[in-house]
Amino acid sequence: MTIGSIRPVKEKKSRKNKQPVVDDQSPLLPTKHQEDGFNGASYSGAVFNLSTTIVGAGIMALPATMKVLGLIPGIIMIILMAFITEASVELLIRFSRTSNSVSYGGLMGDAFGNYGKMLLQICVLVNNIGVLIVYMIIIGDVLSGTTSSGTHHAGVLEGWFGVHWWNGRFFVLLVTTLGVFAPLACLKRIDSLRYTSALSVALAVVFLVVTVGITIFKLINGSILIPRLLPSFYDLTSFLKLFTVVPVMVTAYICHYNVHSIENELEESRQIRSVVQSALALCSSVYVLTSIFGFLLFGDATLDDVLANFDADLGIPFGSFLNDVVRVSYAAHLMLVFPIVFYPLRLNLDGLVFPSARPLTLDNLRFALISGGLIAIIFLGANFIPSIWDAFQFTGATAAVCIGFIFPAAVTLRDRYGIATKRDKILSIFMIVLAVFSNMVAIYSDAYALFKKNSSPRE
């Protein structure tokens, strides 16, 4: 994938000789701190951090998109979405350098004033709080179990030790929050998370390897049917349902809110283009393989959250053990993704509430209060929101498409500095039309399904 030509106004070859950029629209984003011995983030650390931003809970929803689109169009859509995501990130980088903006919010403020910056910050808050609540709900479901339609699905800890007060959802999430989330959220530089990010990517690969192994074993045994290669639609409603996968795809690739933070800490700022390309190549490869083998393994029985398919008997030797490996590795993966998504959430809330304050990393009290308050809100949300899809569908259909598609396209069409090409503007119009149309269709499909479900008993 190629990002194209990025022409900064004042380009420095190395962050070692670069003075911190002062941007009154984004005082909360520091670059590097020479005084604490930090000379810039490494290339590999930046790739792992951006990859971890991308690969979250969305990977579990992608096999279900194959059920809607069919295997061939589904794979094409995953790859196409990676290219569109790269193009939208390239627009952000190019226009940010031209406007001397060091944050996404600063770029929106430069293009649309304070209201544009505030709108971006609100969307990041909505998206990231919703996503982090989803992560915590999934962790609770995996470790402590969940009850759906009167049926209880035992968690890993329940299966190992039986039902006890200490492996109930509330206590497990409390221990996870205090023992994992809070310490990692206290780190002030995103580069400090490079090792946990590398481990989280490795855990996602563990899930993929186990899935591939199980699928190959069942293929050899002849217990897997040929998957549906093309979509099946027979009326307008089933045709429109094809577009409902777009919000899921956008959510799976959303990473725009962390690009500036990662670039600001890079030792060589020009490497951000290659960092984005490498991260998207890695993540799209994982997505394609997960979707192929997940759909091959479960076929039309693939659930919206494929992790739930690993709650049943796989019909293979050591099936129960492999189920636990998949579920535990993914729960651990989400625990390590949490601080990467939490980092921009904290920055944007601080920028929204304290727009003129000194950098957040220099005010320990403000840093602690904002971090603690957000973690408490997410913890309460995870304990009182009944289903991940109540949060996931809302954030995917609203804030995520704005952050990933609509805002970069709007900045390009605004084109304050006259640098947008005809191709840029055509691409921007396409992204806006695709985002708006697909989300309208998704909302219509969900509303129609809900109406049909509620009216069917009376028929």
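Reader: Is the crossing of H2 and H11 left-handed or right-handed?

Author: Quick caveat: this is a predicted model, so local features need pLDDT of at least 70 and side-chain atom pairs pLDDT 80 or more, while totals for chains, interfaces and linings use all residues. Residues are numbered from 1 along each chain as its sequence is written, and side-chain values use heavy atoms, without hydrogens and water. Helices here are DSSP runs of H or I, at least four residues, numbered from the N terminus. With the near helix turned clockwise from the far one by less than a right angle counting as right-handed, H2 passes H11 in a crossing that is right-handed.

Reader: At what angle do the axes of H2 and H11 cross?

Author: Axes are lines fitted to C-alpha atoms over the stretch in contact, and angles run from 0 to 180 degrees between N-to-C directions. For H2 (residues 62-69) and H11 (residues 272-298), the axes come within 8 Å and the angle is roughly 65°.

Reader: Which residues of H11 does H2 meet?

Author: Contact means heavy atoms within 4.5 Å. From H2, Leu-62, Pro-63, Met-66 and Lys-67 take part, and on the H11 side they meet Tyr-287, Thr-290, Ser-291, Gly-294 and Phe-295.

Reader: Which residue forms a salt bridge with Asp-110?

Author: A salt bridge needs a side-chain nitrogen of Lys or Arg within 4 Å of a carboxyl oxygen of Asp or Glu, and the structure holds ten. For Asp-110, the closest N and O atoms are 3.1 Å apart, and the partner is Arg-416.

Key: Helix = DSSP H or I, 4+ residues; strand = E, 2+ residues; numbered from the N terminus.
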